[in-house]
Amino acid sequence: MHERFRGEVAYNGEVDIHFPHLTVGQTLTFSTKLRTPHRRVDNIPRKKAVKDVVTILGRIFGLRHTFNTKVGVRSQWK
């Protein structure tokens with residue numbers, strides 16, 4: 001694979017750190033705010049873009065019922 005696809009395959013190991021005092025909804029909102037581009041399609045206001053993305057993520061992944069649940073302490077998941 002290394003020989004055939006050199007330069008075409010990349011691995012980006014990420015370690016997500018979550019704040020245990022935030023809820024799922026707050027965590028998604030925080031993450032979305034960090035990733036929202038400065039220039040948005042049709043100049044949609046930033047707050048609306050963030051709210052829409054969080055709503056879409058909640059529906060796609062079935063997380064709406066957990067939006068008010070705290071993420072928890074990281075050590076619990078080891």
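This is a predicted model: local features need pLDDT of at least 70, side-chain atom pairs count only at pLDDT 80 or more; totals for chains, interfaces and linings use all residues.
Biologist: Let's start with the overview. How many helices and strands does the chain have?

Modeller: The secondary structure comes to two helices and zero strands. Helix α1 covers residues 24-35, and helix α2 covers residues 46-60.

Biologist: What share of the residues in the chain is buried?

Modeller: Buried residues make up 19% of the 78 residues. As for the surface, the chain exposes about 7,200 Å², and carbon and sulfur atoms supply 57% of that.

Biologist: How do I tell whether a residue such as Thr-32 is buried or exposed?

Modeller: Look at its relative accessible area: under 20% means buried and over 50% means exposed. Thr-32, in helix α1, has 8% relative accessibility, so it counts as buried. Then ask who its neighbours are. Leaving aside residues within four places in sequence, Thr-32 is in contact with Val-50, Val-53, Val-54 and Leu-57.

Biologist: Val-54 is on that list. Where is Val-54 found, and what does it touch?

Modeller: Val-54 is found in helix α2. At 6% relative accessibility, Val-54 counts as buried. Not counting residues up to four places away in sequence, Val-54 touches Leu-28, Thr-29, Thr-32 and Phe-67.

Biologist: What percentage of the chain's contacts join residues at least 24 apart?

Modeller: Take the contacts between residues at least 6 apart in sequence: 60% of those join residues at least 24 apart.

Biologist: Next, salt bridges. What's the general idea, and how many does this chain have?

Modeller: Side chains of opposite charge can pair when their charged atoms come close. Here the count comes to one salt bridge. Lys-48 forms it with Asp-52, and the closest N and O atoms are 2.8 Å apart.

Biologist: Where do Lys-48 and Asp-52 lie?

Modeller: Both lie in helix α2, four residues apart, which is about one turn of the helix. Lys-48 has a relative accessible area of 44%, so it is partly exposed. Asp-52 is partly exposed too, with 30%.

Biologist: Where are Asp-42 and Asn-43, and are they buried or exposed?

Modeller: Asp-42 is in the loop between α1 and α2, and Asn-43 lies in that loop as well. Asp-42 has 72% relative accessibility, so it counts as exposed. Asn-43 counts as exposed at 71%.

Biologist: Last one: pockets. How much space lies in the second largest pocket, and what lines it?

Modeller: For a pocket, look at the volume and then at the lining. About 180 Å³ of space lies in the second largest pocket. Its lining includes Thr-32, Arg-39, Val-41 and Asp-52.

How values were computed:
Residues are numbered from 1 along each chain as its sequence is written. Side-chain values use heavy atoms; hydrogens and water are left out. On a 1 Å grid over the protein atoms alone, a cavity is a set of points where a 1.4 Å probe fits but cannot get out, and a pocket is an open set with protein on both sides within 12 Å along at least five of seven lines; lining residues have an atom within 4 Å of a point. Grid points are joined across faces, edges and corners, and a volume is the space filled by probe spheres set on the points. Buried means under 20% relative accessible area, exposed over 50%, partly exposed in between (1.4 Å probe, protein chains only). Contact means heavy atoms within 4.5 Å. Accessible areas come from the Shrake-Rupley method with a 1.4 Å probe; for residues, only the protein chains shown count as cover. A salt bridge is a side-chain nitrogen of Lys or Arg within 4 Å of a carboxyl oxygen of Asp or Glu.
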